[in-house]
Every structure is written in structure tokens, then in C-alpha cells.
Amino acid sequence: MAREAFRENMKTLEQDLISAGDMVCKAINRSVTALQESDVEGAKKTIADDQLINKKRWNIEEKCIRLFATQQPVATDLRELITVLNIITDLERMGDHAEGIAKIVLMHEGQPLVKPLINIPNMAEKAIDMLKRSLEAFVKRDDKMARVICNEDDEVDLIYEKIYRSLLSIMIADPKTITRATYLIWAAHNLERIADRVTNICERIVYLVTGKMEEINVSNY
Amino acid sequence: MNTGITDKIFIKEFCLSYGEKQILESISINIPQTMITAIIGPSGCGKSSLLRCMNRLNDLVPKAKVEGQILFNGKNIYAPDVDVVELRRKIGMVFQKPNPFPKTIYDNIAYGLRINGIKEKKRISEIVEVSLKDCGLWNETKDRLHTSAFELSGGQQQRLCIARALAVTPDIILMDEPCSALDPASTFKVEELMVKLKEKYTVIIVTHNMQQAARVSDYTGFLYMGKLVEFGNTDIIFTRPREKLTENYISGHFG
């Protein structure tokens, strides 16, 4: 079989991408848990570990560039490489969003949360689930699955809306909470952005399978 | 649908055989005017044979038999009353290896003009200059026009062969692996030249070099075992081909 080396390289790249996805899922989970439990150490670890995600991104990008330069891929091979390159960029930014949530823990400077968190962990759970399944859709080259996941972004947007309104009410009722409530809105906003980036990944999967670029679900935020 | 593209050559259900051996099977392609069309495919798929059929070079092959039509300016080039010499003037050919005549640079170009009845020296010199300029070879050769063409580098010789083809004002230039004997720098020069040529001429190129087809051509046809598998816009062929066979060939995944 011709070009076995190229296929091997692509397989390794795919595994690297999945492992980067795992790192990001863990980072999101850890950052939200740290926020929920006001765990400064957990937050610091998430912030430090973001460097590992960044490193992984550069590593994958470098491998892609090497394959572009040496193999001059076309057709599906080309679309696969482009997709990997795009997905890793989105994953890296998701890592930054997780880091952003962890920083909010530190910004609280020991003060308690304005309310116990329920919707933010739900939102994180949904976003992580979407991310995991989007990577599964990538491995399976399943554009239908990708489209379904894209549409689930609306659920995340709804939770965000709910969080926003509830925190607004708290701020109106007690203006002393404005700073801390705003921090939580930022945290929720980071999660909302993560889900948006999952839709980017899904759009790339559709491109990979069909060769067509299309915007599948336009976020309202 | 009017795409604004005019077709220059219509190949209609064209078949070629050498004795019992079928080389091309019912090929139908419309070659667009003033564009570069690349014909790709594995060795022995019939791509060079198809190219040679377009100016009837296959007439010289014993037992060659053709069916179907190749229409050029609305006329079947295989019609009995076609003047083959005139046809080959209109549809010029550049070969794999540069094959200048054992003459001076000047005479390589002047030769075709003289046998086409142009005798006036001033006119010949003008055409030599324009042809060499069109091929980006004028500055490199203007001070040594009367030295042997063999003193030029391989890449320069190939561009001289293209200039020679241009001198007799063809409509179409057929190129059979024109860069396969050239180094990368000369290859890029010839490719640049092809792109420039399509302002005036229709170019059809046969190449084994996928990247070359992708770089220079507007349309690509993929031939496999004498059949046309796919023909279409080069951008599409190289990003999302319709046929799995095309995909496997251009990606190098033939098993």
C-alpha cells in the first residue's frame, strides 16, 4: 500500500489531538470544580497546566506543517490536515477559557461565592459532553453526529441566559455583590464560548467529510 | 447554464486502438479556451496518446485506428479533407525532453516560419524577437542569437522549443510532460510561462507531477486505463474530487 508512512503520521496526529481534547476536558472540569469549592490550589494547578495544552498545540501544529511541506496532501488527506489544524486551535482556546475560569477563583481573594453554583457546573458538564462527542464524531468521520452536536449549543446558551438573569437579580437586590456576581457571569461566559468552539469543531468535521464549508448553528452571543 | 467559458476543442466519444489493443475508450471532454487543462493519470493510461491524437501525431503509428471525433473550430480534425500540416501549425506540441534543432537559436524559430512561406528577413527577425520575449528568453539570448541552441541550459532549451511553437501562431499548445527533464528552477520558469501563455493560447498539458497540475491548471481530467474517470475544475479535483478512484490516485493511495 502506497503512502503508508503518511497514514501512520495521520494516525499519530489524530491520537495527539484526542489526547489534547482529554487535557482540555480535564482543565474545564478542574476549573469549575475549583470555582465551586473555592479551591485556590486546584485553580493554580489548572492555570499552570494550561502551559501543557499550549505546548501540545504547538507540537501538533508543527507536525501538521511538516506533513504539508513534505507530503503535499490533496483531497481527503488535505482536508484531514486542515481539520486537525483548526481543531487544535479551538482546543487551545478552550484551554484558555478554562484557565480564565480558574483565574476567577483567585480573583475572589478568599471571599465566598455570591451563591452556591448549580447551573455553572451543569453548563460545564454539557459543554464537556459536547466536546467529547465532537471528538468522537471526528474520529468516526460522522458529519451527521457533528450537526446534532452543533444544535445542542442552544441548550448551553439557554443555561447561560438563566445564569445571567439570576446573577443580575442578585446584583440588583444587593449591590455589594456586583463584583463577585460579575466574576460568575465571566465564568459562565467562558463556558458559553467553549460550547461555541465545539460548534467550530463540528463545522470542520462537516467540511472534512463533505468538502463543504458551512456555518451550522449561529450563536446569539 | 452560461459560465462565460468558451470551449476550444470538443472531444466526442473518442476511441483509439493500436491493432487489437484498445488505448482510449469513448473519451468525451470539452477543452476550455485560453485556459490550462491538465491531463493526469498513471503510466500507460493513455494520456499522452490522447494528447497526440489532438494534432494527429498518432497517424504515424502503424495500425492506429480512431473512432469518434475531435472538433477544433467546429471541424472534425480526422475529416478526410483536413490539411494535417496546417492542423499541426494551429495545434503545436512541446515534448518531454527539449528537442531543439541542431541550429542556432535564431534558426530554431525561423525554420518554422520559412517552411510556412515567410521569407522576408525583417519579418522573421520580428517574430523571433516576439516569440523569445513571450517565452521570457529574449534577455537571456538576444546577444547570442546566432550561437547553437545546444549551448542553452535544459530549461532554456525547453523554453526555446515553446518559442518555436509560438512563432507559427498556433491556437493551442500541447505539452507532453514539458518539465520532467528540468530542474525545479527551470520547472517554475516553464510553469510561469504556461500561465502567461494562457492569456493568448489554450494550453493542454500531460503531467505525472500532481503538484504541477494543481499549481498551473484551471481544469483537470483524470484518465485511468483508457477511460476518463473525472474532468472538472482543478481546485475541486484536488480538494474534493467526486470519484474515489481520482482521490486515490491524486493522494498516492493506489494499492
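These notebook entries record what I looked up in a predicted model.

**Conventions.** I worked with a prediction in which local features need pLDDT of at least 70 and side-chain atom pairs count only at pLDDT 80 or more, while totals for chains, interfaces and linings use all residues. Residues are numbered from 1 along each chain as its sequence is written, chains are lettered from A and ligands numbered from 1 in the order in which they are written, and side-chain values use heavy atoms, with hydrogens and water left out.

**Interface of chains B and A.** I looked up the contacts (heavy atoms within 4.5 Å) and found 12 residues of chain B against 15 residues of chain A. The buried area (accessible area, 1.4 Å probe, lost by two parts on being put together, summed over both) is about 1100 Å², with 53% from carbon and sulfur atoms. B:Thr239, B:Arg240 and B:His253 supply 44% of what chain B buries against chain A, more than any other three residues.

I then searched this interface for salt bridges (a side-chain nitrogen of Lys or Arg within 4 Å of a carboxyl oxygen of Asp or Glu), and the rule finds 0. Over all chains, the count comes to 40 salt bridges.

**A salt bridge in chain A.** I noted one between the side chains of A:Asp49 and A:Lys45, at 3.0 Å, N to O. The two residues lie 4 apart in helix α2 (residues 40–71) of chain A, and are therefore separated by about one helical turn. Helices here are DSSP runs (H or I, at least four residues), numbered from the N terminus.

**Helix pair in chain A.** I compared the axes (lines fitted to C-alpha atoms over the stretch in contact, angles from 0 to 180 degrees between N-to-C directions) of α3 (residues 75–107) and α7 (residues 178–210) of chain A, which come within 9 Å and cross at roughly 175°. That makes α3(A) roughly antiparallel (over 145 degrees) to α7(A).

Technical notes:
Parallel < 35°, antiparallel > 145°, perpendicular 65-115°, else oblique.
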